[in-house]
Number of protein chains: 2
Amino acid sequence: MGKPIMVEANGYDALVVFQPSGRRTRVPPGTTLLDAARQVGVEIESICGGDMVCGKCRVLVEEGRFGEEGITSDMGHLSPVTEREMRLLRRGGTPVNARLACAARVLDDVVITIPPESRVHKQVVIKAAGKRQIVTDPAVRLAYIHLPEAELEDNTSLWDRARQALASRFGYSGLTIDTMALRELPKAWAKGHGGMTFTIWQEREVLRVQSGFRDRLLGLAVDMGTTTVAGYLCDLNAGEVLAVYGLMNPQVAYGEDLMSRISYTNTHPDGLEKLHRVAVDALTEVASETAGSIGRSPEEIVEVVLVGNSVIHHLALELDPHSLGEAPFAPVTKDAADLKARDLGLNVSPGANVHVLPLEGGHVGADNVAVALAEAPHQQSEIMLILDVGTNGEILLGNRDRVLSASSPTGPAFEGAQITHGMRAAPGAVERVRIGDATWEPRFKVIGEDVWSNQKMLPVQGICGSGIIEAVAELFAAGILRSDGRFSADCKGHPRCRKNGRTWEYVLVREDENTLGQEIVITQADVRAIQLAKAAMYAGAKLLMNRLGVHRVDKVVLAGAFGTVISKEHALLLGLFPDVPPGRVYSVGNAAGDGARIALLNRQKRLEAQELARWIEYVEIALDPLFQDEFVAAMHFPHMRDPFPHVEEILLARRREN
Amino acid sequence: MGKPIMVEANGYDALVVFQPSGRRTRVPPGTTLLDAARQVGVEIESICGGDMVCGKCRVLVEEGRFGEEGITSDMGHLSPVTEREMRLLRRGGTPVNARLACAARVLDDVVITIPPESRVHKQVVIKAAGKRQIVTDPAVRLAYIHLPEAELEDNTSLWDRARQALASRFGYSGLTIDTMALRELPKAWAKGHGGMTFTIWQEREVLRVQSGFRDRLLGLAVDMGTTTVAGYLCDLNAGEVLAVYGLMNPQVAYGEDLMSRISYTNTHPDGLEKLHRVAVDALTEVASETAGSIGRSPEEIVEVVLVGNSVIHHLALELDPHSLGEAPFAPVTKDAADLKARDLGLNVSPGANVHVLPLEGGHVGADNVAVALAEAPHQQSEIMLILDVGTNGEILLGNRDRVLSASSPTGPAFEGAQITHGMRAAPGAVERVRIGDATWEPRFKVIGEDVWSNQKMLPVQGICGSGIIEAVAELFAAGILRSDGRFSADCKGHPRCRKNGRTWEYVLVREDENTLGQEIVITQADVRAIQLAKAAMYAGAKLLMNRLGVHRVDKVVLAGAFGTVISKEHALLLGLFPDVPPGRVYSVGNAAGDGARIALLNRQKRLEAQELARWIEYVEIALDPLFQDEFVAAMHFPHMRDPFPHVEEILLARRREN
């Protein structure tokens, strides 16, 4: 251990400059860099609060009495490195000019750089229409303290002593402790020989106590869709995604669409309980699988953010969704909420909270709020159309002045359900399709294989959402389908086309073209299902454009997993949304999942979500008489009445290539 | 339904005087009495907030334009009674001058009396050393609202509408709702056709929603002792006890005294969980039995107050009591706490809270705080000694200037345990004993029989705590025991006395004196056990007196169930506490239970309890070197060194009577 630093008063306060912020302060010699930083509001990561345990407060020193001799590297501007500090510094393969801010005492003027990993709020890139950076500011934080054995006369309670230490060292005042954490306290103290790491929620409540020094902080963001559930296990300190896991929503067994699930709860006395239980089972599976995949236990997850549409939200929380099944489609509650995970029966850390984002209205729920949070139409001047394509299509339209939202009942066709050879996006599913304009011969790719079918015979199980959409768009582009969706008269005699009863179908994969020996066809009914789905999406968007008083949009954002696979051109060909240049169409993947992750990583964003949920104007399109008209017209490829100049360009370009 | 009241503005505000407070206000004609009362802070009970549903706001009207013609009973000073009001008034067999404050509108000057049952805060008498009145101010309140069907365009959430109604009608702002209550909301609304009663905790959180109008508000106060558990089911509106239930603490199976229970949790990996579970089982039994006895379900209980000593408190909350087993006897937490009953596994209302009073220190726990709350030594100028006699003797000493507390390990002898024929206070247990000074012949009473044994042969099962104490005191008073506790040499030859091995024993009940044919004896070991227990109590009291610097106390309060049975004279004869005139000894029964009830009925008293827990000075007497000296000296009857003039008087009086 190093000797105590003796500081002589020399009547001269040393200047400390922090980079990259440039904030500066003068402090009496002997002040630690950590204290100096606190004085000017420069936040440096520290789990142990300056106890030289965590080693998180690593900073880079550029020494010197600047202004006189320039920056020099001679010693003497900071207290010498002690052995203990050196041990902590060595842990991380540290550059020579690294110091611990809690250990280094200012003796003379210094310039200090705080590297990104030592900042409390770290920059994280969330992929979105434009790459967006957010800073980490999670609702849970860690704090390490060491409490020695009490004096023989001191019967202050263990929690009182811990609370005092957390207050004096970290500035937490008025902390409470969850019962489950209180139960952990004495054991953690004994096992850690006095050293304990507290997990603190919203600077208010201790929700976990662990023995010794810990620096792992796991959170889980879950987007629970009507058909699929996606979970992201995150490191809340670094802001990184550690593991991803997806599964089918097990509620599908009780109804493919939301209305049939509502109806199930209406007609079965234990229906709500069942749908709630399987939703929680799915969450538990996500927690176990993601944590398990990095060798951790789900009980280490201390914060969960859950988003889903209104019905999924109600079912997950065991709230009766009855009123969402009939006009005026009023939810039981729209509020953002923090629930104890244990009250949901969810097996994560016993004290963990589940934060549920607020609902907008009708069926437009917390998932749409998450999309808005991720894509931020309210921060743009361009008019943005965001389509979250899933079993329930959700639409956002607007810019910083005004944003409208709506839900459109697209049905499950976009996710491959209710399609003759439909399947979910899993290995063996056709996900890309191209059909020759002249030959009408197809080539395709399946999930799990790198090459196209014309290079190698592939194992085909079925066709997933993006595959069926591309296939239908290609069928139209190649002229096999007419713009009304019916098979062309030219089909007759083409080996890929054949009659099935009174309608035609297209043989995408012959038995002899599949290593699995199975035929994959696209029927007239499949085409109709896609038409219905895309028409619902389009009509919804059109209706919102009418309400907003705009005739065109500046850009289109395709959210939802399938948007990452389908090409913009195919989406345009299909007429999934009003005409825009292909260069203004962006596929952002699971934006609801991104939004859930943002809310998990930054608690200020939760407040923004609450404001958004109130500010975005929800439109109940089912009640609008114009919806049916728009819907019928939008059944056409790409649309019966609306001009699609960019579709013409795409078709021309195809012809030129062929 | 009555016609709307038309009020002509006459430029004259009417004077309303409320009795018994005498508060007065001037209001424009047309104002309801309820609104007028609110203006001057006169609180009138109203569950429906003035919706003419609950009928709780009944007031008595003394009409008249006083000052001019005096009080008259002519009509015209208030709006006429409508049919609806009349129906509600008729429900309660109402005097002729009764009105509903929400219905009656002021037209001219009136004097209004608010009868006790219509006051928000009702006077309740709690029996204590001095009869004490407390006013009801429970932590939970009821509020009835009616929410009509929503307009077709209004998709405001049901909870938002309810929250707005609760805010505008009752002034609750920023209400939250427990997840369990939120789940009840849609069903209650549908079933009540819009009418719902909300149970609101601390003006902060809705914890229950019931359909229609309800006015039942049940709370449970529980005193969990080392050996026995006592529960009081209360009507929180009226402040009455509706049912009482007691049982043995099932933790006794894991150790009769606290130290052996701590040791059980130390030596068994699932020991803490087991002791916790049986404690919760006992609470569940109390809830079920008390509620069941009045034909209600335990799920109707919406608030529980729990008190117990520190170890019992820790075990009930599943907090590791290890640190309470060794110096410095620091608890895990001392704080008062509000826990969700469901987090304890307690089967009451799903949203109910359990309020746990704070601990003082060491083994002096929430039960002692409850005793202090009930007996209020801090509000007296006389020096008060409060002995809570049970398996753990707890002692309070002091007055408004300073109060000390201590815990003394009396052991279970006072509760009949570890006594040869000891049993708990149940039918067939000897509870009173008299022994003739000259004859040495006994007479006794047993629980469940009205007469003494000299009038009728009784069925005797054993001897309970109060019986053994009286028996030992009588043995001493009659001269059968010497003041050192050994049997007198005169025993030889007396038919009631006989040798058992090397020591004597006294035959209290011969086989032929018991309809059950069993002999009941008091052995030298039984006498020793009582001596040890009383010496611990006395030495503890003495030590506190030394600390406080007083040589005598002004009064003694015996708390604990047994104090209600044993006579003050016998307690004095035994030397259970320092000498005071028998007239200054008070038996108050289960003061800890009274305190728990007070905290249940009045939430301000919970704050007082928290202050008391901090203010009372806990003394760890086991660590005081003088304790052993005092203890040894106090083994004598009544005490080896201290003067007991009142014992002399009692003995003289007995001799005179004989």
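Which residue forms a salt bridge with B:Arg603? In this predicted model, where local features need pLDDT of at least 70, side-chain atom pairs count only at pLDDT 80 or more, and totals for chains, interfaces and linings use all residues, the partner is B:Glu203, with the closest N and O atoms 2.8 Å apart. Residues are numbered from 1 along each chain as its sequence is written, chains are lettered from A and ligands numbered from 1 in the order in which they are written, and side-chain values use heavy atoms, with hydrogens and water left out.

A salt bridge here is a side-chain nitrogen of Lys or Arg within 4 Å of a carboxyl oxygen of Asp or Glu. B:Arg603 lies in the loop between α13 (591–601) and α14 (604–615) of chain B, and B:Glu203 in the loop between β10 (195–201) and β11 (205–211) of chain B, so this pair ties together parts that are 400 residues apart in sequence. Helices (H or I, at least four residues) and strands (E, at least two) are DSSP runs, numbered from the N terminus. B:Arg603 is buried at 18% relative accessibility, while B:Glu203 is partly exposed at 44%. Buried means under 20% relative accessible area, exposed over 50%, and partly exposed in between (1.4 Å probe, protein chains only).

Because B:Arg654 sits in helix α16 (residues 645–657) of chain B and B:Asp437 in the loop between β21 (429–435) and β22 (442–446) of chain B, the pair ties together parts 217 residues apart in sequence. B:Arg654 is buried at 14%, and B:Asp437 is buried at 13%. Elsewhere, salt bridges that share partners join A:Asp178, A:Glu205, A:Lys340, A:Arg342 and B:Asp343 into one network. Over all chains, a search of the whole structure finds 84 salt bridges.

Helix packing comes next. Two packed helices are described by the angle between their axes and the distance between the axes. Helix α10 (residues 465–477) and helix α11 (residues 524–548), both of chain A, pack at an angle of about 100°, with their axes 10 Å apart. Axes are lines fitted to C-alpha atoms, for helices over the stretch in contact, and angles run from 0 to 180 degrees between N-to-C directions. α10(A) and α11(A) are therefore roughly perpendicular to each other, a label for angles of 65 to 115 degrees. The contact (heavy atoms within 4.5 Å) is made by A:Ile468, A:Ile469 and A:Val472 of α10(A) and A:Asp526, A:Val527 and A:Ile530 of α11(A).

Conventions. Parallel < 35°, antiparallel > 145°, perpendicular 65-115°, else oblique.
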